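Please open the structure in your viewer and keep the selection panel at hand. The tour goes from one selection to the next, with a short account of what is there.

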Amino acid sequence: MATTEPDILDVERIRDDFPILDREFSGNRVAYLDNAATTQTPEPVVETIAGYYRTTNANVHRGLHQLSQEASVAYEEAHDRVAEFIGADGREEVVFTKNTTESENLVAYAYGLTELGPGDEIVTTEMEHHSSLVTWQQIGKRTGADVKYIRADDEGHLDMDHARELITDDTEMVSVVHVSNTFGTVNPVGTLADIAHDHDAYIFVDGAQSVPNRPVDVTDIDADFLAFSGHKMCGPTGIGVLYGKRHILEEMEPFLYGGEMIKRVTYEDATWNELPWKYEAGTPVICQGIALAEACDYLDDIGMEKIRRHEDELAQYTLERLGEFDDIETFGPPAGEERGGLVAFDIDGVHAHDLSEILNDYAVAVRAGHHCTQPLHEKLGVAATTRASFYIYNTEDEIDRLVDALDDARALFQ
Amino acid sequence: MGIGGSDMYRQQILDHYKNPRNYGELEDPTFTHVGENPVCGDTIRMDVVLADDEDTIERVAFRGDGCAISQASASMLSEELAGMTVEELREMDRDDIIDMLGVEISAMRVKCAVLAEKVAQDGAEIYFGEKDVDKTTTED
Ligand SMILES: Cc1ncc(COP(=O)(O)O)c(C=O)c1O
């Protein structure tokens, strides 16, 4: 690497791997600040996808021919690579799904629907993404289990005293978002896991916004389940991961039935395949899985600790720049406290959708809306916020372009 | 440049957004109806007074909260509707609203533009007993 500072990301070199960042709109180079929604895909991952279809494509497991064997080995080894990336104990603990949402639903259906009932409690937080909030809410309605929400304060911190109050011996499942996609808060999931385990409850960690940008080790945080999406970490769409502790996955019922997930079938009954295939019914996400393993290589080569620091630095810089203005309110932890690489904000007199439309004129891509945390936005008293979110290729310069464009929006609307 | 961006915010739209016409409530509305655009959080409430013929729209007022497109559209519509008949209101469609706004609206924002029109139309249909909804949403 060209950099003299080994701890700093060589952003210029990284950008070379992302030709999409050279696109221009109305004469401006795109400043892609919508990474919490989806990240861009580096050349090595694009090459892996193209290479797979050019040289290896075949269905897995069932075939004895050479292509099928190669595809099967690559697909199975992709599970090993992802397991290593999150500190799991082998491929048995790593299930490939469609996305974080499906990983949440897998556990909600396979465990929640079959094991929970009246008198049981599910404890989650006020800052959950809809993928977890709506899912557990429906499981509560269908099973009679109560759903309780750990309070979030005005600065986006979980009220841990409230957590200790809510999590009791009636609690069966604690489901928490690791890094909030609205506040950017890094929640103390390890502590929450300890509290959950003290009461013999499982803990499900939504890692959609944490696994992409910081070292996450399932053993360190003692998660029973961890979910994340490939498309938020340099991988393709169409693949998510469900990590589960082996003994839990062994006991749990399957979610989807069909081919690949069975061992032996008669007209009367069927038995289930080994882990993790028991949870991967039908033709799985073969190419996407292999590409995700490549994305893990790509990110590890850069270094997850460096990525964490880079994201925090960009978030702090954004807070500092937006803090210069009295008409801007930012959400989440105050400047100086670590957060994931995202900042949601509101500017007086300019609706988030109008603002993002104006920013688009400057080729600054941000997200406006409720970011799939609608009840949280209602609690904050705003219908929509604007969110800038960063990744390995973003620069302070791009944040300056965002801040400069705000003047234009003020001139028009205020 | 594509459709959208600051092109959408011509003077007329900004003027209606910053100085909305007929903003508020009417004393004895013939009908009142509310609606929202759940994705954006735009909300609109419309009060309409019909003449004794139960057909001619005499006055319209609105209240609301949301983006410039949704609020300017409601303000302009409140002026446009006065003097029209209920039948003419029912026949309005999104092209009429886009003509009224006088700018091209990007596909993602059409819902914002038509919210007020849909609220007024649903309000009329509910009043004449042809429909039964509590709240109009642009998702339907
Ligand atoms: C915290 C969090 N959880 C879950 C999700 C859902 O991810 P996906 O849409 O890939 O299922 C997201 C993505 O928007 C997220 O930010």
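Helices (H or I, at least four residues) and strands (E, at least two) are DSSP runs, numbered from the N terminus. With that convention, select A:Gln138, which is found in helix α5 (residues 130-143) of chain A.

Before going further, note that this is a predicted model, in which local features need pLDDT of at least 70 and side-chain atom pairs count only at pLDDT 80 or more, while totals for chains, interfaces and linings use all residues. Residues are numbered from 1 along each chain as its sequence is written, and chains are lettered from A and ligands numbered from 1 in the order in which they are written.

**A residue in helix α5 of chain A**

Is A:Gln138 buried or exposed, or something in between? A residue is buried if 20 or more other C-beta atoms lie within 10 Å of its own, exposed if 12 or fewer, and partly exposed in between, with C-beta atoms placed from the backbone. Because A:Gln138 has 15 C-beta neighbours inside 10 Å, A:Gln138 counts as partly exposed.

**The ligand**

Select the ligand next, together with its shell, where a residue is near if its C-beta atom, placed from the backbone, lies within 6 Å. The ligand is surrounded by 13 residues, of which the closest are A:Asn99, A:Thr101, A:His129, A:Asn181 and A:Ser229.

**Strand β4 of chain A**

Move to strand β4 (residues 94-97) of chain A, which is covered on both faces: A:Val94 and A:Phe96 on one side, and A:Val95 and A:Thr97 on the other, are all buried. Two strands pair if DSSP finds at least two bridges between them; β4(A) runs antiparallel to strand β10 (residues 240-244) of chain A and is joined to it by four bridges. Within this pair, A:Val95 has A:Leu242 of β10(A) as its bridge partner.

**The two domains of chain A**

Now colour chain A by domain, with bounds that come from an automatic or database domain assignment: domain 1 covers 11-41 + 303-413, and domain 2 covers 46-301. Taken over C-alpha atoms, the centres of domain 1 and domain 2 of chain A are separated by 28 Å. Where residues are in contact if their C-beta atoms, placed from the backbone, lie within 7 Å, 27 residues of domain 1 of chain A touch 29 residues of domain 2 of chain A. On the domain 1 side, the elements that give two or more residues are α11 (304-322), β14 (342-347) and α13 (374-380) of chain A, and α11(A) gives the most, with six residues. That side divides into 13 nonpolar, eight polar and six charged residues.

**An open sheet in chain A**

Select four strands of chain A, which form an open antiparallel sheet in the order β13-β14-β17-β16. Because β13 (328-330) and β16 (367-369) of chain A stand at the edges with a single partner strand each, one side of each is left without a neighbour in the sheet. β13(A) and β14(A) pair in the antiparallel sense over three bridges, and A:Ile328 has A:Ile347 of β14(A) as its bridge partner.

Continue to A:Cys372, in the loop between β16 and α13 of chain A, where phi is near 60°, a positive value in a residue other than glycine. In general, most residues other than glycine have a negative phi, and most peptide bonds are trans. Then select A:Pro276, in the loop between β12 (270-272) and α10 (286-302) of chain A, where the peptide bond from A:Leu275 to A:Pro276 is cis, with omega near -5°.

**Chain B**

Finally, bring up the contact between the chains, which takes 13 residues from chain A and 14 residues from chain B. The chain B side that touches chain A has nine nonpolar, five polar and no charged residues. In chain B, strand β2 (residues 42-50) and strand β3 (residues 57-65) pair in the antiparallel sense over eight bridges, with B:Asp47 opposite B:Ala61 in β3(B). β2(B) and β3(B) form a hairpin with six residues between them, and B:Glu54 in the turn has a positive phi of about 60°.

Note on methods
Contact = placed C-beta atoms within 7 Å. Nonpolar A, V, L, I, M, F, W, Y, C, P; charged D, E, K, R; others polar.
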